[in-house]
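Hello,

Please find the structure below. My notes on it follow.

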Amino acid sequence: MIKEAIINHVTVRAFSRISNRDVIAKLLFTARMYRLGVMIALECLEKNIPMKECMFKIKHFVPNQKYAHACYERAREMYKSAKRRGRKVNELRQWLMFESIGDKLDKGNRNIRLSSPDEVEVVVFTENYGIERIRMPIKPLKTHGETVRELYELGSGKLLGYNARCIIRDYSRGKALVEFQFTVPVELYLKYRRVYDKPRGRNIGGIDWNSDRANLAIVSPKGELLDHKTWRFPEVTSHGYSRTARRTRQSQILSEIMDYCYHHGCSVVVFEDPDIIKTRRCTKNATANRKITKWTKREASQMFILKALRYGLRPVFVNPSYTSRLAKLIAKDIGLDRHTASAYILALEYLGLNPKEVYQNLQRP
C-alpha cells in the first residue's frame, strides 16, 4: 500500500532566559493549572461526559476560554492515541507547559502572541486566579529567525493564526529557561528553508531506518538497483546520550541521505509507514532493550517528510509488511546485507513491481 506522506504545519522554536522570580512563579502556576485541566478532561472523556459539561469543569481551575479549550483538545488527542494502541491513559508526565489555539482575528494568538519578532506576550494566572499579561524577550533559533519575523507580520496583520506553546525547560529560584513553540504552515517554513526546488532525475530512493543505522538503495524507474549506501550512528543508543543530541544526529543523517538522493537523480524517496510498524517487545538482551526503548523510526518519519520537501523530493510511505523476511531470503543472492535489501524492496514496492519477479530478471549488481 502506497500513501502520500503529507505534512501541513511545522513547529518553529524560540527561547527565553528569565531571571525575574515573580514571572517564573506565574509561569509555573499557569503550567500546573493547565496540567490539572488536562487531567480533568481525561477523566471526563473516560466517563463519556459531554464537551459542554467537561469545559464547565475545566474552567473552575483554568479561568480562560482559550487555555481551557486547549486543555480539552490536548486530552482528546491523548485519549484517541491511547485507544488506538489499546492502552489507558493512567497518568500524565510531570511536564510544565501550556498552550493556546490560534486565531487570525486575535492577531495570531490571543494568549501567547508575538508582540515583535524578539518579544512574546503571554497570558498567565496569578495566585488568586486572576489574569495578567507579561512580556518576555525571545531569541529564535538561527534557522527560524526569518520565519518568526514573517509570522509576526502575518499575525499582527490578522492574516494568519498560529498555535503557540510555552514549555518551562529548566528553572531554579532565580532563573529559568523557557521555550516557545509556534506552529506555522509548511509553505511558510519552506519559503526560507528550501534547499532545492526541483529534482534532477526520476530515480527512487528506498530508506530502511533503524535505531543505529540507515540504509539507502537507489532504484531506476525500471527497477534496476543503481546505488546503495549505509550510514551508521551507534553512539545514539549508548548510555548517557541525551535525547536532544540524538535528534540532532538523526536530523544530520537524514539531511545527508536527502542530499545524496538529490545528487543521484532521485525524485521520490520511500520510507516505512509509521502507522503500520508493529510495537517491539523487550527481550532478555540488555543492549537490544536499550535500542528498542530509544527506537526513533516514528520520530524520524515526520522529520523525513520535512527533509524531503526541503530538497525538492517527494516523500512516500509504503507498507513494510514482510519486507524484512523477503530481504533475508534475497540479500546474499544479490550481494547486499539484509537492511540494504529491505531498502531495495521498499523502492520496488513503490513501483508496484513484484520483488521476486524483478530479482529473477535483473543481473547481479
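K158 sits in the loop that joins α4 (145-156) to β8 (164-171); helices (H or I, at least four residues) and strands (E, at least two) are DSSP runs, numbered from the N terminus. This is a predicted model, in which local features need pLDDT of at least 70, side-chain atom pairs count only at pLDDT 80 or more, and totals for chains, interfaces and linings use all residues. Residues are numbered from 1 along each chain as its sequence is written, and side-chain values use heavy atoms, without hydrogens and water.

The phi of K158 is positive, near 55°. K158 is partly exposed, at 45% relative accessible area (buried is under 20%, exposed over 50%, partly exposed in between; 1.4 Å probe, protein chains only). K107, in the loop between β3 (97-100) and β4 (112-116), also has a positive phi, about 60°, and is not a glycine. Most residues other than glycine have a negative phi.

The largest nonpolar core has 87 residues; such a core is a set of buried Ala, Val, Leu, Ile, Met, Phe, Trp, Tyr and Cys residues joined through side-chain atoms within 4.5 Å. Its largest share, 13 residues, comes from helix α1 (residues 21-46). L27, among the residues with the most contacts inside this core, touches residues including F98, I134 and V178 (contact: heavy atoms within 4.5 Å).

In helix α9 (residues 323-330), T323, L326, A327 and I330 are buried. They line one face of the helix, because they fall within an arc of 105° seen down its axis, taken from the directions from the axis to the C-beta atoms. The face turned away carries the exposed R325, K328 and L329.

Regards

Key. Lists of a residue's contacts leave out its neighbours within four places in sequence.
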